[in-house]
Amino acid sequence: MNLQPVKDICDSQDTRRKELHIFTVSCSEVDTMKISTCIYHFLVLNWYIFLNYYIPQHGKEERKLKIFQGVGQTKYLTLINLLLQAIFFGVACLDDVLKRIKGKKDIKFVTAFRDLLFSTLAFPLSMFVFLAFWSLFLYDRDLVFPKDLDNIFPVWLNHAMHTSILPFMLGEVILRPHRYPQKKTGLILLAAGALAYITRILWVYSESGQWIYPVFATLSPLGMAVFFSLSYILVANMYLLGQKLNHWKWGDTMQPWMKRK
């Protein structure tokens, strides 16, 4: 009696069971990853909400500190970045919730806005603040963070503003893929943001007669132009680094959402 057909059927059923098991495990891993990402976004959002509330309140308690008077909070790149991070992780949390309620297809605008915000502002700005601050700090801290500020901003708060931003952004790269716009489009948007902040710096100086950061007082007009140009080159490279990291982690699964065919 030929048992080969029976054996083939059994082998086929075993193969299907294995495929089903692998699929089930994969789905379970994906669900766990999604939950972990949601929790991560929620925790980081609350951290940035805390910082954005605590720092101005802390500054008001220090009578000798005048950086928060008037438009003080909106002239420092570090504080602008903290606000931007809170907005980004708020949008990321909203995206997480809406995907579970409505599904991916119904919230494409929110997802696209989240990715654009991350790629052109949140990631490159955080990397720039981290690198620029600590580079100048290690070279001559009086250029960006005079020692007198240690009595006002404790060490943990300094690191919260200028150090923790790095691992939080890298964690975002690892946990979730992001669609990047075309390179030209991304760099133009980044340049527009840089130009807006440079205009802000010059306007504050024209109104108050004081530079936002001490380093500007040491530069000639030509030196300042070179400084701004090099700063943009650095932040543009941070944008390109984010794109490469996203591709390294997620491959070609996330094509540019503004790519022309």
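A salt bridge here is a side-chain nitrogen of Lys or Arg within 4 Å of a carboxyl oxygen of Asp or Glu. Keep that in mind, please. The model is predicted. By this rule the count comes to 6 salt bridges.

Start with the network. Asp95, Asp96, Lys99, Arg114, Asp115 and Arg176 are linked by salt bridges. Let's take two of its pairs.

Where do aspartate 95 and lysine 99 sit? Both are in helix H2, residues 77-101, and because they are 4 residues apart, about one helical turn separates them. Asp95 has 0% relative accessibility, so it counts as buried. Lys99 has 24%, so it counts as partly exposed.

Next, Asp96 with Arg176. The closest N and O atoms of this salt bridge are 2.4 Å apart. This pair links distant parts of the chain, 80 residues apart. Asp96 is in helix H2, while Arg176 is in the loop between helix H5 (165-175) and helix H6 (183-208). Are Asp96 and Arg176 buried or exposed? Asp96 is buried, and Arg176 is buried as well.

One more pair: Arg141 and Asp150. They form a salt bridge, with 2.9 Å between the closest N and O atoms. Buried means under 20% relative accessible area. Arg141 is at 18%, so it counts as buried. Asp150 is at 31%, so it counts as partly exposed.

To recap the network: its members include Asp95, Asp96, Lys99 and Arg176.

Methods:
Residues are numbered from 1 along each chain as its sequence is written. This is a predicted model: local features need pLDDT of at least 70, side-chain atom pairs count only at pLDDT 80 or more; totals for chains, interfaces and linings use all residues. Side-chain values use heavy atoms; hydrogens and water are left out. Helices (H or I, at least four residues) and strands (E, at least two) are DSSP runs, numbered from the N terminus. Buried means under 20% relative accessible area, exposed over 50%, partly exposed in between (1.4 Å probe, protein chains only).
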